[in-house]
Amino acid sequence: MVNRTYQEMVEEQKKGMVPIVRGDLTGKTVMVTGANSGIGFEAAKHFATMSPARLIIVCRSVEKAQQSIKQIQEETGYKNAEPMALDLGKFSSISEFATQASKTLDRLDILVENAAVAIMGKYAQTEDGWESMLQVNSLGPALHVLLLLPIIMNTAKQHSVVPRIVVVSSEMIFYANIGSDAIAAPNTLETLSSKEYCTPEVLANRYTESKILNVMLVHKLAEHLPKNIVPVALNPGYCLSGLQQAARYKKMEDEFAYTSEEGSRQIIYSAIGGKDEELRGAFTSYSQVLEVSDWMLSEEGKKAEDKTWV
Ligand SMILES: NC(=O)c1ccc[n+]([C@@H]2O[C@H](COP(=O)([O-])OP(=O)(O)OC[C@H]3O[C@@H](n4cnc5c(N)ncnc54)[C@H](OP(=O)(O)O)[C@@H]3O)[C@@H](O)[C@H]2O)c1
C-alpha cells in the first residue's frame, strides 16, 4: 500500500537528504532542462564535477543559459558547458530545438527533463492552445523526449551504453488523481486542457496532475522503448527553489525544506545511480525505487495512462 500521508512525507523529509552519488562521465553528453535555477542548476553543477565531454545547459533563452554556464564554470572550473534555448510552452521551440540538436549532438547519454512551472490561479493558454501548465510541465517535456529519441537510441547502439531519460516528478503524485470525468472523455488530454473543464478547483490540482502525467510518461516510455534505454521518474523532495515564488508555504520552508542542492541529488541518483534494470520505468525517492500511488496502480490509473500517453 503506497498512499503516503502528509505526515509520512514530513517525517521522511526530516530524516535528511541522502548523500550525493558520484560517477565518472568522461566521454558522455548530458543535457539538463531548466538548468538556470533551483534543482536543475544544482544538478548541472554536480554533473559538471563529473567531467562529461559535453554538458548542455537548456534554458528559456541562450542568455540565461550563458549566465548559468558562467556560474558553473566559476564554481566548478568545468569548461565544456554549452547553451541551448528551449521554451516548453511552444511546440515550435521544441521542434526547432530538436532540429538543432540533430545537427550538433553526436550523442546524448543523460537527458534530464527538469523544467516546470507551478502557476497558481488563473486559466491561461499557450499559443498552441493548450492549458499552460499542462503544456509546459507535461506535453512539452514529452515532445522534447520523443524528438530527441533518435539521438538517444543511436547513442545506445553506437557506443553500447544505456542512456537514461530522467523526468523530474514529485511526491505530490501521492496526493491527487486525474479526474474520472476527464479519463472517461473521448480525448483525455484535450478535456484536461479545456477552459470549461479547468474550474478553479481543477486548476488548484493541475501541478499535481502534471507531475502524475510525468510518471505515466516514464511508464509508457519503458513499455515502448528498447531495454537499453532507461526512463526514470523521481521525487526531489520539498526544496527551496524558484518554484516557491508561485506558492510559498512558510511553515514547510522553515521546518523541513531541503536546499535545491539537496533536491538535485535525486536527479543525480536517477541519472547515474542504482541498477539499470531496477530503475527502468521506476519512480525514485531518497535513492530508492518507490511504488507509485494506489490510484496510479488501479484500473482507472492504468486507463488514464493508456489514454494520455498511448
Ligand atoms: N522545489 C520543490 O520543492 C519541488 C518538489 C517536487 C518537484 N519539483 C520539480 O523540480 C523541478 C525543478 O523545479 P525547481 O523547484 O528547481 O523550480 P525553479 O527553480 O522554478 O526551476 C524551474 C526551471 O524551469 C524553467 N522553466 C519554466 N518554464 C519553462 C518553459 N516554458 N520552458 C523552459 N523552461 C522553463 C525555469 O526557467 P525560468 O528561470 O526561465 O523561469 C527554471 O529554470 C520541476 O520539475 C518541479 O516540478 C520541485
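The buried residues of helix H2 pack against strand S1 (29-33), strand S2 (54-59), helix H3 (62-76), strand S4 (110-113) and helix H11 (260-272). The model described here is predicted. The buried residues of H2 include the charged Glu 42 and Lys 45, along with Phe 41, His 46 and Phe 47.

The second largest pocket has a volume of about 170 Å³. Its lining divides into 7 nonpolar and 5 charged residues, with no polar ones. Asp 24, Leu 25 and Lys 28 contribute to this lining, as do Asp 109 and Ile 110. Val 161, Val 162, Pro 163 and Arg 164 also line the pocket, together with Ala 271, Ile 272 and Asp 276.

Most residues other than glycine have a negative phi. Ser 160 has a positive phi, near 50°. This serine is located in the loop that runs between helix H5 (132-159) and strand S5 (164-168). With a relative accessible area of 67%, Ser 160 is exposed, because the cut-off for that class is over 50%.

A positive phi of about 50° is also found at Tyr 286, which is not a glycine. Tyr 286 belongs to the loop between strand S7 (283-285) and strand S8 (288-289). The relative accessible area of Tyr 286 is 10%, and the residue is therefore buried, the limit being under 20%.

Technical notes. Residues numbered from 1 in each chain as written. Predicted model: local features only at pLDDT ≥ 70, side-chain atom pairs only at ≥ 80, totals over all residues. Heavy atoms only, no water. Helix = DSSP H or I, 4+ residues; strand = E, 2+ residues; numbered from the N terminus. Buried < 20%, exposed > 50% of the residue type's maximum accessible area, 1.4 Å probe, protein only. 1 Å grid on protein atoms, 1.4 Å probe; cavity = no way out; pocket = protein on both sides within 12 Å on 5 of 7 lines; lining within 4 Å. Points joined across faces, edges and corners; volume = space filled by probe spheres on them. Contact = heavy atoms within 4.5 Å.
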